[in-house]
Amino acid sequence: MAQTTFLESLRERWRDPARLLCVGLDPEPERLPRSVRRLPLAEGVWVFCREVIEACAPCVCAFKPQIAHFAALGLEGVLERLITHVKLNHPDVPVILDAKRGDIGSTARHYAREAFERYGADAVTVNPYLGGDSLEPFFAWPGKGVFVLCRTSNPGSAELQALELAGGERLFERVARLAAGPWNTNGQAGLVVGATWPQEVAQVRRLAPGVPLLVPGIGAQGGDLAATVRAGWCRPEFPGLILNSSRAILYASEGEDWQDAAAAAAQSVHAAVRAVLADRA
Ligand SMILES: O=c1ccn([C@@H]2O[C@H](COP(=O)(O)O)[C@@H](O)[C@H]2O)c(=O)[nH]1
């Protein structure tokens, strides 16, 4: 039987057109609850992330582990185990590996294998700075999502990404056009645009009407959820938005009620999106 593609899984989760939340898995040892900090580090990170997955799964369209949060601690094995856990227990929820890879093709090929074969991710984030040929090894994987950084959420992102090119187009606009067009050879491209820039979300949506947007920046970075949904949400059959929140969900409580607090924080994002959509109707 043919494997489900990244976009098919996402569409399944988007059957509820307000289910846009993607919970980011960004473990920070010093922020783990006291009872978890007592465990050996690998065990603590595993238990913490697994419980957050269990608490939030009903209201997410995806999970997004950030690879540096695991690799810096030497916990790649925990990351593998967590992705396997999602596959086994929530097979309809896609996993986006946030790795922001980008290198010449001969090396990028290994980054693509790392994401899709070693970790078994359904999608990966990539950096387009080296140009389209550097992304080909990722798009060569049938059915795997490739999220191209376009207008990132950080304060300094305009420094390069908003530069005007000859003809007046801005760099992030060119990236959006290329990623939605010629680079998108497996039909699974997505773009990363920060919720801290709702006007840019709207502009990218105009340039790339059919691709999913991974939008980090709600929650801890203070991005505007309502403005983002109004700018980027498409239609019930293809809502088109994946709203990532990591710290605001993971560390919703510093106490021993952290699972309930994470679930409540996730539910409140879901409810907030529902309210924005109801308001639009
Ligand atoms: O433009 C970008 C691209 C990626 N990120 C990543 O998303 C999460 C955001 O975490 P919060 O705690 O919700 O702020 C984190 O893993 C970043 O590396 C981003 O923030 N902006």
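A residue is buried if 20 or more other C-beta atoms lie within 10 Å of its own, exposed if 12 or fewer, and partly exposed in between, with C-beta atoms placed from the backbone. The model here is predicted: local features need pLDDT of at least 70, side-chain atom pairs count only at pLDDT 80 or more, and totals for chains, interfaces and linings use all residues. Numbering starts from 1 along each chain, as its sequence is written.

**Exercise 1. Is Ala121 buried or exposed?**

Step 1. Find Ala121 in the loop between helix 6 and strand 4 (123-126).

Step 2. Count again. Ala121 has 28 C-beta neighbours inside 10 Å, so Ala121 is buried.

Step 3. Look for contacts beyond four places in sequence. Those of Ala121 include Ile83, Val95, Ile96 and Phe116.

Step 4. Take one partner. Val95 is 26 residues from Ala121 in sequence, yet their C-alpha atoms are 5.5 Å apart.

**Exercise 2. Describe how helix 6 packs on helix 7.**

Step 1. Get the geometry. Helix 6 (residues 105-118) and helix 7 (residues 132-139) pack at about 30 degrees, with axes 8 Å apart. Axes are lines fitted to C-alpha atoms, for helices over the stretch in contact, and angles run from 0 to 180 degrees between N-to-C directions.

Step 2. Name the arrangement. Helix 6 is therefore roughly parallel to helix 7. Angles under 35 degrees count as roughly parallel, over 145 as roughly antiparallel, 65 to 115 as roughly perpendicular and the rest as oblique.

Step 3. Name the residues that meet. Gly105, Ala108, Arg109 and Ala112 of helix 6 meet Asp133, Ser134, Glu136, Pro137 and Phe138 of helix 7.

**Exercise 3. Which residues of helix 11 are buried, and what do they pack against?**

Step 1. List them. In helix 11 (residues 225-232), Leu225, Thr228, Val229, Ala231 and Gly232 are buried.

Step 2. Look around the axis. These residues cover an arc of only 165 degrees, so they lie on the same side of helix 11. The arc is that of the directions from the helix axis to the C-beta atoms.

Step 3. Find the partners. The buried residues pack against helix 10 (198-207), strand 7 (213-216), strand 8 (241-245) and helix 13 (258-280).

Step 4. Zoom in on helix 10. Helix 10 and helix 11 pack at about 15 degrees, with axes 8 Å apart. The two are therefore roughly parallel to each other. Pro198, Val201, Ala202 and Arg205 in helix 10 meet Ala227, Thr228, Ala231 and Gly232 in helix 11.

How values were computed:
Helices (H or I, at least four residues) and strands (E, at least two) are DSSP runs, numbered from the N terminus. Two residues are in contact if their C-beta atoms, placed from the backbone, lie within 7 Å.
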